[in-house]
Amino acid sequence: MASLSLNLIIGAAASLPGGVRGQDAAPSEYQMKAAFLYNFVKYIDWPESVLPEHAPLVIGVFGEDPFGGALDSILSNKVVNGHALIARHLTLLRDTTNCQVLFISSSEKRHWPEILKTLEGRSILTVSENWNQFTQAGGMICFFTEDRRVCFDINDNAARKASLNISSKLIQLRKKPSA
Amino acid sequence: MKKWSLNNEKDVRTDFQKARAKAFGWPTHGEWRAILAILLMPLLPAATHAASTNNVDLSEVPLEQLLNMDVTILRGHDTLSKTPAAISVVTADDIRRSGAMNIPEALRQVPGMEVAQVNSSEWAVSARGFNDEFANKLLVLQDGRTVYSPLFSGVFWDTPGTMMEDIDRIEVIRGPGSTAWGANAVNGVINVITKNARDTQGWLTSAGAGNIDQGFINARYGGQFGSNVYYRVYGTYQNNDSFPQPNGREANDSWRLGRGGFHLDWYADEANLFTLQGDGYAGSMDETFTVFDVTSPTFTAQQPAVMDVRGANILGRWTHTFSDTSEFKAQLYYDRTSRDANIFAETRDTVDLDLQHNFALGERNNITWGFGYRYSTARMSGSPTVMFVPADDHLNLFSSFVQDEVTILPERVKLTMGTKIEHNDFSGWELEPGGRVAWTPDDRNTFWASVSRAVRTPSRSDEDIQFNEIQQTPFGPAVLQISGNHAFRSEKLMAYETGYRVHPCDKLSFDLATFYNVYTDLRSFKMGPGFPFIPTTEVNGMHGETYGLEAAATVELAPWWRLNPSYTLLKMELHKNSHSTDTTSAPLDEGENPQQQFSLHSGMDLPRNISLDATLRYVDSLPSLHVDSYVTMDARIAWRPTKNLELALVGQNLFEARHAEFRPTQVQNQATDVPRSFYAKVTWKF
């Protein structure tokens, strides 16, 4: 009986259309984080005064760039809520105020208090990786990896203080790192 | 003495097919057609597109799905790599690619675990020694619900389980569990964690059959009510054939089991998550017991029986997030299990409440504390072979724990100290303190060490059992009339462990754990005078040391080819206490465990959406059971013609037509060997 039904199912599969995916090589950690940055933007509202209609939305990477070209390629030609997405690589602290999302590389760990001071009062979403309990120190979203998956934690208090409105749909998906 | 037929009368294959299948372990005619169909599929034009070797476009993937995708990790950013314990995680992908049909099979590749199949439906599973069908030093949980039986402090492996595709991961910690939910985490903790309802939306069905798996089918549907409530319901059915006996004839151990259940998650608001889940199962296992028969010249009789097993559980959990640094969990469950064989029957009800709170105190401390109460009651009936006096029981267990994780040097050194305090009806108060330290000199290396005390609290088998075990002696058959002992104390363990993890580059990672365990008050026997009826009492008359190491590595030879070797070394040195006369228990217990185990898994992602996995495994001999060492291989080839359909062919125990893995020691069942087996499976999502 088992082999007969297998043949029927195989016959049906031969006529199914469909893309081919699933067995492709797994994406790299930073391709995944770039994809998350792209998706975060869809669930966050910036105040009109900071990000007027049709203005471009800048995602900045401050410090050593771990993305390779992954962030540039995922953001190319993308538009979210009427804002064109631009990736920028920043090396000077004073340039960090010109973006709406700031990814802080772990190379800048030691400068975190300085960065926090520079960004005070500005509606910039700060994103980084799980060092020094980033979210406890005032950072808004931090990535961490657990068991070959990328997860993120959110400090929505810090986001609210910066007048950023994070949708509850995104907050639902956060996870607490176990270390 | 009446001779019972050992043929399974429900088998409908022709004698020729059965004989050929059993002798050569080859697939039958029908199975060959299925295998050929699967192998030839890639040649059919319509169903294939050129497989893309580029990565999928992640910007097209919805956020929830991104969270479910595995990535290749570049650096040692993994939080698990900093855990100061010997922890391994079997992921959903590992389970799928191994072709494991149940939880013991999924545990085979974990270093430090001993997994031996006793017969078609029974398993002997332990960690770091002391393996037995009634192994009692391992705590097993499913979604936080304890699935071990207070009868013998062990697991009947038909009890835990769910649809394999719904398991998110199995966390295995070797060594005493630190913040586990219950008692008896002496040599290890296994937690089977199922997926959130949100991650199992839509339909998924799978079905298949093979030479031992006579047919299995699984189906699950997940949906949502509104935007905050996600649910799934599932059903599974499995029907397995019997295994061969060492003499080549079929044993009487076939079985069938159906399961069903649901899982519901309600994301009430940012701070509150409610979960309600439940399962039910029913099945029957064919057995042939060697029972105590006073009228027989050997005092034994072979009695075929059908053991019915049934159970249901319902569990509710509330997770409340006070703030970014404080979280509280409360869990309440009710569990009923029932098993009925001709020599023994038990129906047990358990109610369990657990609370846990985790919060940061200042900048350097992370405190977790918890409290739990469990009430378990059973009605039992026995026979001269095995019974419990009193038959019924009402057991209370109070447990609590507190743990502080202190950051001594930020990013570098963390010290965790804690203790568990329990009170049970048999041994009263038990204290289990422990300390762990983790040192991460940089992103790539972690060193850890721990010292802990754990106890294996007495079970009903230690205290209340009346059990007749027949032994063949040079003077003829003897009957050990084993009785429990109300003065039986907990078995105790002081565990000293160290470990090291390193991630030298993207493509290589290595994990080493060593342990030195000192046991006291281990169970042994005290035999009184008399022959052939020998009154025997269970006593705490043994002590010993076990030590060893577990090593595992991940090697990425290419983006599409990964190797996972693992090696386990175990040395057991048990000794009888000075006033004990039991000279058999120490060598018997030592010899039930393999000294070395090795496994090598190769996972390949080939073009045209084909994946190929193979695991080579070696298990050392079990001298006191006269089980030889064996080398065997499991393999799986799978093809995804479309993103919703997967066809797989799995072969298990491929090298020999059959080999022995274990022999029953206490409740005498038929001795069986594990045969070579195949099955084909279709999985369809929509």
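Start by selecting residues 57-62 and 101-104 of chain A: these are strands E2 and E5, which run parallel and are joined by four bridges. Strands here are DSSP runs of E, at least two residues long, and helices are runs of H or I, at least four long, both numbered from the N terminus. Two strands count as paired if DSSP finds at least two bridges between them. You're looking at a predicted model, where local features need pLDDT of at least 70, side-chain atom pairs count only at pLDDT 80 or more, and totals for chains, interfaces and linings use all residues. Residues are numbered from 1 along each chain as its sequence is written, with chains lettered from A and ligands numbered from 1 in the order in which they are written.

Now click Gly60(A); opposite it, in E5(A), stands Leu102(A).

Next, show the whole open sheet in chain A: seven strands, ordered E3-E4-E2-E5-E6-E7-E8, with mixed pairing. E3 (79-80) and E8 (149-154) of chain A each have a single partner strand, so one side of each edge strand has no neighbour in the sheet.

Hop to chain B and pick Val140(B). Leaving aside neighbours within four places in sequence, its contacts (C-beta atoms, placed from the backbone, within 7 Å) are Val147(B), Tyr148(B), Val155(B), Pro160(B) and Ile190(B).

Note on methods. Two residues are in contact if their C-beta atoms, placed from the backbone, lie within 7 Å.
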